[in-house]
Amino acid sequence: MTDTATKTPERAAAEATPKIGSGSDAQAQPQEIDGFQLVIDALKLNGIDTIYGLPGIPITDLTRRAQANGMRVLAFRHEQNAGYAASIAGFLTQKPGICLTVSAPGFLNGLNALAHATVNCFPMILISGSSEREIVDLQQGDYEEMDQLAVAKPVAKAAYRVLHADDVGVGIARAIRAALSGRPGGVYLDLPARLFAQSIDAETGSKTLIKVVDPAPRQIPAPEAVTRALDLLRSAKRPVIVLGKGAAYAQADSDIRALVEKSGIPYLPMSMAKGLLPDTHEQCASAARSFVLPGADVVMLIGARLNWLLSHGKGKTWGGKSAKDWGGQKFIQVDISPQEADSNVRIDAPVVGDMRSCVAALLAGMGANWAKPPGEWLSAVGEKKNGNIAKMAETLAKNPSPMNFHSALNVVRDIIKANPDAILVNEGANALDFTRSIVDMYKPRKRIDVGTWGIMGVGMGYCVAAAVTTGQQVIAVEGDSAFGFSGMEVETICRYNLPVCVVIMNNNGVYKGTDVDPTGRDPAPTVFVKSARYEKLMEAFGGVGVMAATPSELRSAMEEAIRSRKPTLINAAIDERAGTESGRITSLNPAAKKKP
Ligand code: ADP
Ligand code: TZD
Ligand code: MG
C-alpha cells in the first residue's frame, strides 16, 4: 500500500502528456493540465524564474518539468543550503526566493532557512511536497509522514496547503502576496503528492491562475508622522542615523543617499546596509560607533530594529549606567511594520510606511534649507573616527608571521575596493567581525552575511544565489567552522560553474585553534584537524584550490580567481591564536561563576 501510494505521483507524471506548457498545441481533443504544470505556470506567470531545491518523491518531476519549461532549477546537496539561497535571492531581487523540497526530512532541512527568512524579513517561499493527507491525519505511518503545515506555522509569516489542482493559482498568489507585502517574510506552501497528478481541463485550469497585481503595495506614511519626525530631528544637537538591511532591501538607494547627505548627519550602517552609501563616505561614522551611540541625543532608525545587534537601544552601549538603563536618546523609527515601534525602548516618532515612500516624504519635508547638525558634534565624531581609522591602518600595515585576520583581510579589503561590484558573503565569528569592520563596501546590497540570528551555514547557499541572481563575482570570507556547515555545496558551485571565490580563514577551529581537553583524551570541542587542506575539496570537483600562507599568496590567488571567474577555494592559514572567544560578542556568553 505504502509503496503504491508513494509511487503514484511520479508514475502519473511519467504517464502524463510529454507536451510541455499549457494550451500550447492546437489539437482538437480537450487538453488536460496536471498539478505539476499548474504550479510551474503559476510561478512563471508571476515572473518567478528560478527554483533552489533538491529532488525526490514527490517533487522530482516538478524539478524536471520546471527545467524543461525554461525555469532555472538549481539542485543542491542539502535543502538547508537551497533554503538559504532562496532567502537571500529574495533579499537581492525583491521577488520571493523559491526553495523546493521533498516531504518530512527534506522539509525540515529547509525549515531552518524559512525561519531565517522570516526573522530577517526576506521574502521566500518554501514549497514542500507532502504525503497523503488521509494517512498523515490518521497517523497511519505513511512514507515521510508529517503534518508539515502545522510544523511550519510558528516560523513562517504565513502557511498554506493546496489540495485541488484548481486551487493552485490561489495558493501561489497568496504565498507571493504574503511573502512580499508589508514586512517581507518566509511563507510555507504545502503541496501533497496527490495534487501533482491531478488533471483538469487545461482551459479551465489556466483561468484559475492569478497574476498578482501590486504584491508589495506602497504604504504612504501619515503626513503628521513625517512632520513629527522632522521636528524631532531638527531639534537634535547630536543626531545619528542608523541604516539597516530593511533600507538596503527597499532599493530606494538614491533617495536614501540624498536624505543622509541633505541631513548632514553622521550615519552608522548595520552590517548588510554597508555600501548603501560608500563606507568611505565622510558622514560614515562606523569607525566611531562606540562614541556616537552613547553620545547621540536623537537617533533615526531607517529599516533597522532595536534588537540585540543594537543592544536593544539601552544599556552601556547607549550611555546607560547599567544593562537595563536607557541612555536618554530620542528615537525616530522608519519601518514598514506598525508593530515594531516601542519593542525595546520608547519610539518618540514612528514613521510607518514602505521605505521608498517614507524616505521620499522625509526628503520633501526637509525642504531646501535644512540646517546641518551643530559643528561641534560633527567635529567630535570626525576626530574620533579619524583617530580610529589611523590606528586600524597601522595594524593593517603589519605583516606578521603566521598571517593573522588583519593581514589577510587587508588583502580582501583591497580586492573589494578594486572590484566594488563583487558580492561579499561573510560568516564566522572572528572571520565575520573583523571582515565587517576592515572590509569597506562601496555599493548597496553587496554584503550578505549571518543576519539577525548570527547563523552559521548560510555561506555556500548565499554564494550560489548571489552568483545566479546578479551574475557578479562572489567572494566569500568564511570561518573554517562556518564553512563546514555548507561546505559540500562547493560541488554545486563547480557543477554550475559559478564565479565564486571562497576564502577560508583557517585558524583550526571555532574562535581559535588552541583549546585542549583538560583530561587529555579528546580534541577540545572548539578545535578541528590542524592545518586541514580545505582547498582539496574544491579540486575534487574540478575547481581551483589554493593554499595561501602569506598575504601576497592570498592576493595573487584572489586576483586570479576574479580574472578567471573559475570556482576557487583559497585556504588562508591564519594564526590559530589570533581569534577571541565568540568574536565581538563574548559578553553574550553566560558567565559561569567558576571557569570550567
Ligand atoms: P538590521 O539587522 O540591518 O539592523 P533589521 O533586520 O533588524 O535590520 O530590520 C529591518 C527592518 O526593516 C524591519 O523592521 C523591517 O520591518 C523593515 N523593512 C523591511 N522592508 C522594508 C520596506 N520595504 N520598507 C520599510 N521597512 C522595511
Ligand atoms: N550553529 C549555528 C547554526 N549558528 C551559530 N552561530 C553557532 C552554531 C555558534 N557559532 C557562532 O556563533 S560562530 C561559530 C559557531 C559554531 C563558528 C566560529 O568559528 P569560525 O570563525 O571558524 O567560523 P572564527 O574566525 O574561528 O572565529
Ligand atoms: Mg575558525
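Q: Which residues come nearest to ligand 1?
A: Of the 18 residues around ligand 1, the nearest are Arg183, Lys245, Arg305, Asp335 and Met355. A residue is near a molecule if one of its heavy atoms lies within 4 Å of it.

Q: Before we go on, what are the ground rules here?
A: This is a predicted model, in which local features need pLDDT of at least 70, side-chain atom pairs count only at pLDDT 80 or more, and totals for chains, interfaces and linings use all residues. Residues are numbered from 1 along each chain as its sequence is written, chains are lettered from A and ligands numbered from 1 in the order in which they are written, and side-chain values use heavy atoms, with hydrogens and water left out.

Q: OK. What polar contacts does ligand 1 have with Lys245 and Arg305?
A: A polar backbone atom of Lys245 is 2.7 Å from an oxygen atom of ligand 1. With Arg305 the side chain is involved: one of its N or O atoms is 2.8 Å from an oxygen atom of ligand 1. A polar contact here is a pair of N or O atoms within 3.5 Å.

Q: And Gly303, how far is its backbone N or O atom from the ligand 1 oxygen?
A: That distance is 3.4 Å.

Q: How much of ligand 1 does the protein bury?
A: Ligand 1 exposes 580 Å² when taken alone, and the protein buries 96% of that. The areas come from the Shrake-Rupley method with a 1.4 Å probe.

Q: Which helix gives the most to the shell around ligand 1?
A: Helix 12, residues 245-249, with three residues. Helices are DSSP runs of H or I with at least four residues, strands are E runs of at least two, and both are numbered from the N terminus.

Q: What is the class breakdown of the ligand 1 shell?
A: Seven nonpolar, six polar and five charged residues. Ala, Val, Leu, Ile, Met, Phe, Trp, Tyr, Cys and Pro count as nonpolar, Asp, Glu, Lys and Arg as charged, and the others, Gly among them, as polar.

Q: Now ligand 2. How many residues surround it?
A: There are 16 around ligand 2, and the closest are Asn430, Gly454, Asp480, Ser481 and Ala482. By class, that shell has eight nonpolar, seven polar and one charged residues.

Q: Which backbone atoms contact the ligand 2 nitrogen atoms?
A: A polar backbone atom of Gly454 is 2.8 Å from a nitrogen atom of ligand 2, and a backbone N or O atom of Met456 lies 3.2 Å from a nitrogen atom of the ligand. For Ala431, a backbone N or O atom is 3.0 Å from an oxygen atom of ligand 2.

Q: How much of ligand 2 is buried by the protein?
A: The protein buries 76% of the 590 Å² that ligand 2 exposes when taken alone.

Q: Which elements give two or more residues to that shell?
A: Helix 18 (430-438) and helix 20 (480-484). Helix 20 has the largest share, three residues.

Q: Switching to the backbone. Where are the cis peptide bonds at Pro58 and Pro402?
A: Ile57 and Pro58 are joined by one, with omega about 5°, and Pro58 sits in the loop between strand 2 (50-53) and helix 3 (60-68). The bond from Ser401 to Pro402 is also cis, omega near 0°, and Pro402 lies in the loop between helix 16 (375-397) and helix 17 (405-418).

Q: What about phi at Tyr511?
A: Tyr511 is not a glycine, yet phi is positive, about 75°.

Q: Is Ser582 buried or exposed?
A: Ser582 counts as buried because its relative accessibility is 8%, buried meaning under 20%, exposed over 50% and partly exposed in between (1.4 Å probe, protein chains only).

Definitions and conventions. A polar contact is a pair of N or O atoms within 3.5 Å; within protein, one must be able to donate a hydrogen and the other to accept it, and residues adjacent in sequence count only if both atoms are side-chain atoms.
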